[in-house]
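User: I'm new to this one. Can you walk me through it?
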Amino acid sequence: MIAGLLQGRPARLGAAALLGAAAALGLAPFGLWPLSLLALACLPSLLAAAPRPAQGFVTGWLFGTSYFALALAWIVEPFMVDVARHGWMAPFALVFMSGGLALFWGAAFWGAARLARRGGARIALLACTWTLAEFARAYLFTGFPWAAPGQIWVGTPVMPLLAWIGPQGLNLATFLAALPLGLLLSAGHRTTRLASLAPALLLAAATLPPPRGEVAMTGQTVRLVQPNAPQQQKWDPAYMPIFFQRQVDYTAAAPRPDLVVWPEAALPNRLNITGDPLQIIADAAAGAEVVLGLLRPGTEGYYNSLVRLDGTGAVAGIYDKHHLVPFGEYIPYANLFSQIGLSAIANAVPGGMTAGPGPQLMPFGALGTAVPLICYEAVFAQDVAGAPGRGSFLLQITNDAWFGTWSGPYQHLTQARMRAVEQGLPMIRVANTGISAMIDPHGRIIAELPLGEAGYADAPLPAALPPTFYAKTGDFPVFLLTLALVFGLWRYSAAQNREISD
């Protein structure tokens with residue numbers, strides 16, 4: 001019946017756009033995950049009204065464009081820092097970003113319609129091709145897995161599954177649980193209707209493990225320092241000393257912690273103060289170790305670096321960000337743009353950033369060993385898992401002032417919580433404007449500083465859990481399983497088509 005109402009092209013495309021926006025409301029800061037499940041459950045009716053692969057592509061692309069337009073609305077915020085110069089680019093950035101990412105989803109819908117003609121096989125195939133599209137979105141073209149559908153489960157009883165199946169497995173479980181529910185509205189056979197409930201019931205059963213116990217503490221105290229420097233003022237010479245002194249005062253406050261963490265790019269190169277900044281910081285720390293972010297000059301540009309100062313103020317370790325933001329910290333294919341006459345694009349990031357050598361570990365004495373992450377490196381599960389060994393905790397410094405004060409900072413925090421669960425490691429997260437937090441290895445926030453407030457918080461450092469299954473295996477098992485399901489469902493659908501033809 002519903003498929004009949006959607007036979008007209010305007011009705012189908014309008015429904016796809018509306019459902020895409022509704023699905024995005026399950027993400028932070030809204031957290032309306034039942035609405036996301038309902039939107040996904042309506043998609044089988046849309047696919048029934050769009051039987052041809054090309055129709056499926058358009059339906060999936062429009063669903064995805066609407067989804068990403070709402071989920072990534074924060075992408076306009078960086079262009080508002082200097083409205084007079086860059087404000088006109090904001091709507092184009094949102095349109096190109098949402099429409100571009102939606103191409104992955106359009107391809108998934110096309111693939112499902114191409115491999116199966118109808119019914120449950122097509123829906124099951126969509127769950128798998130959609131998961132493969134999310135794999136591609138996470139790995140191809142430097143990757144951008146932001147706003148993945150599985151992120152709706154952070155903070156719910158489903159979140160612990162990340163320790164077993166990781167982010168891509170959670171995407172697959174979400175699709176397999178939600179999409180078949182739509183068959184309840186259209187399947188005429190009672191057995192088919194009952195079967196469509198099975199994946200959702202399995203997901204619900206998987207969320208009922210034994211209660212998680214209290215996490216042991218290491219006995220070490222970490223101070224999270226949040227200066228709350230708005231992006232419009234962060235690089236203003238008139239304000240730099242103010243924000244620097246604010247962080248120094250927070251560092252010097254009693255009682256002395258074991259580790260003090262400042263955010264990304266907390267120490268500008270053009271800081272106009274008297275004296276050596278590192279020595280001033282060391283004096284304020286009074287023997288505590290300090291982590292801070294700075295832009296470090298190199299031979300071909302700047303490194304976005306995380307620096308560890310020991311108790312004497314000496315530099316005891318440096319980590320350079322290796323997963324840079326395209327069109328933010330560097331211009332991909334800059335030489336190609338220059339060769340075809342688009343030098344303005346090639347020079348859009350003057351003296352752009354230089355990538356570091358890759359993931360690494362950083363020792364912190366009694367606190368253990370950290371896996372350092374700068375800004376959106378914490379978005380990539382493969383970056384966290386790529387460290388040359390297992391750390392004692394994850395350490396993320398970031399400047400979320402670029403994301404504004406609406407959805408971006410909350411979504412960034414959500415993904416940090418996912419990384420903690422996947423690895424079974426606590427995470428120290430410090431953001432310039434928030435949200436700074438101490439996250440335990442179950443993904444629970446045990447201390448935080450709110451968005452848009454200056455201050456500091458002393459938090460106990462939780463102990464690590466044993467390595468999770470996902471920490472040992474990564475995404476490969478889920479990738480193989482998804483490929484096997486696609487092949488099996490395609491063969492099943494082909495056999496059904498032969499029987500109908502006979």
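User: At what angle do α9 and α17 pack?
Analyst: About 135°. This is a predicted model. Helix α9 covers residues 162-178 and helix α17 covers residues 408-423. Their axes are 8 Å apart.
User: What do you call α9 relative to α17?
Analyst: With that angle, α9 is oblique to α17.
User: Which residues make the contact?
Analyst: On α9, they are Leu-162, Ala-163, Gly-166 and Pro-167. On α17, they are Met-418, Arg-419, Val-421 and Glu-422.
User: How many are nonpolar, polar and charged?
Analyst: Five are nonpolar, one is polar and two are charged.
User: Now α5 and α7. Where do their axes get to, and at what angle do they cross?
Analyst: The axes come within 6 Å and cross at roughly 145°. Helix α5 is residues 53-71, and helix α7 is residues 90-115.
User: Is that crossing left-handed or right-handed?
Analyst: The α5 and α7 crossing is right-handed. The residues in their contact divide into 17 nonpolar, seven polar and one charged.
User: Switching to strands. Where is Ser-436?
Analyst: Ser-436 sits in strand β10, residues 436-439.
User: Why does Ser-436 count as buried?
Analyst: Because its relative accessibility is 0%, and buried means under 20%.
User: What does Ser-436 contact, beyond its neighbours in sequence?
Analyst: Leaving aside neighbours within four places, its contacts include Leu-224, Gln-226, Ala-447 and Leu-449. Ala-431 is also among them. The backbone nitrogen of Ala-431 lies 2.9 Å from a polar atom of the Ser-436 side chain.
User: How far is Ser-436 from Gln-396?
Analyst: Their C-alpha atoms are 9.5 Å apart in space. In sequence, the two are 40 residues apart.
User: And Ala-459, buried or exposed?
Analyst: Buried, at 0% relative accessibility. Ala-459 is in strand β12, residues 455-462. Not counting residues up to four places away, Ala-459 touches Gln-220, Thr-221, Val-222, Met-438 and Ala-447.
User: What about Thr-482, which helix is it in?
Analyst: Helix α19, residues 476-501. Thr-482 counts as buried, with 0% relative accessibility. Cys-128, Thr-131, Leu-132 and Leu-172 touch it, not counting residues up to four places away in sequence.
User: Loops next. Where is Asn-228?
Analyst: In the loop between β1 (217-226) and α11 (231-234). Asn-228 is buried, at 18% relative accessible area. A polar atom of its side chain lies 3.1 Å from the backbone oxygen of Gly-452. Beyond four places in sequence, Asn-228 contacts include Phe-243, Arg-246, Asn-432 and Glu-453.
User: Which peptide bond at Pro-29 is cis?
Analyst: The one from Ala-28 to Pro-29, with omega near 5°. Pro-29 is in the loop between α2 (9-24) and α3 (33-41). A cis peptide bond also joins Ala-254 and Pro-255, with omega about 0°. Pro-255 lies in the loop between α12 (240-252) and β2 (259-261).
User: One last topic. What is phi for Thr-142?
Analyst: Near 75°, a positive value in a residue other than glycine. Ala-147 has a positive phi too, near 65°. Thr-142 is in the loop between α8 (119-139) and α9. Ala-147 lies in the loop between α8 and α9.
User: Is Ala-147 buried or exposed, then?
Analyst: Ala-147 counts as buried, at 1% relative accessibility. Thr-142 counts as partly exposed, at 30%.

Note on methods
Residues are numbered from 1 along each chain as its sequence is written. This is a predicted model: local features need pLDDT of at least 70, side-chain atom pairs count only at pLDDT 80 or more; totals for chains, interfaces and linings use all residues. Side-chain values use heavy atoms; hydrogens and water are left out. Helices (H or I, at least four residues) and strands (E, at least two) are DSSP runs, numbered from the N terminus. Buried means under 20% relative accessible area, exposed over 50%, partly exposed in between (1.4 Å probe, protein chains only). Contact means heavy atoms within 4.5 Å. A polar contact is a pair of N or O atoms within 3.5 Å; within protein, one must be able to donate a hydrogen and the other to accept it, and residues adjacent in sequence count only if both atoms are side-chain atoms. Axes are lines fitted to C-alpha atoms, for helices over the stretch in contact, and angles run from 0 to 180 degrees between N-to-C directions. Angles under 35 degrees count as roughly parallel, over 145 as roughly antiparallel, 65 to 115 as roughly perpendicular and the rest as oblique. Ala, Val, Leu, Ile, Met, Phe, Trp, Tyr, Cys and Pro count as nonpolar, Asp, Glu, Lys and Arg as charged, and the others, Gly among them, as polar. A crossing is left-handed if the near helix is turned anticlockwise from the far one by less than a right angle, and right-handed if clockwise.
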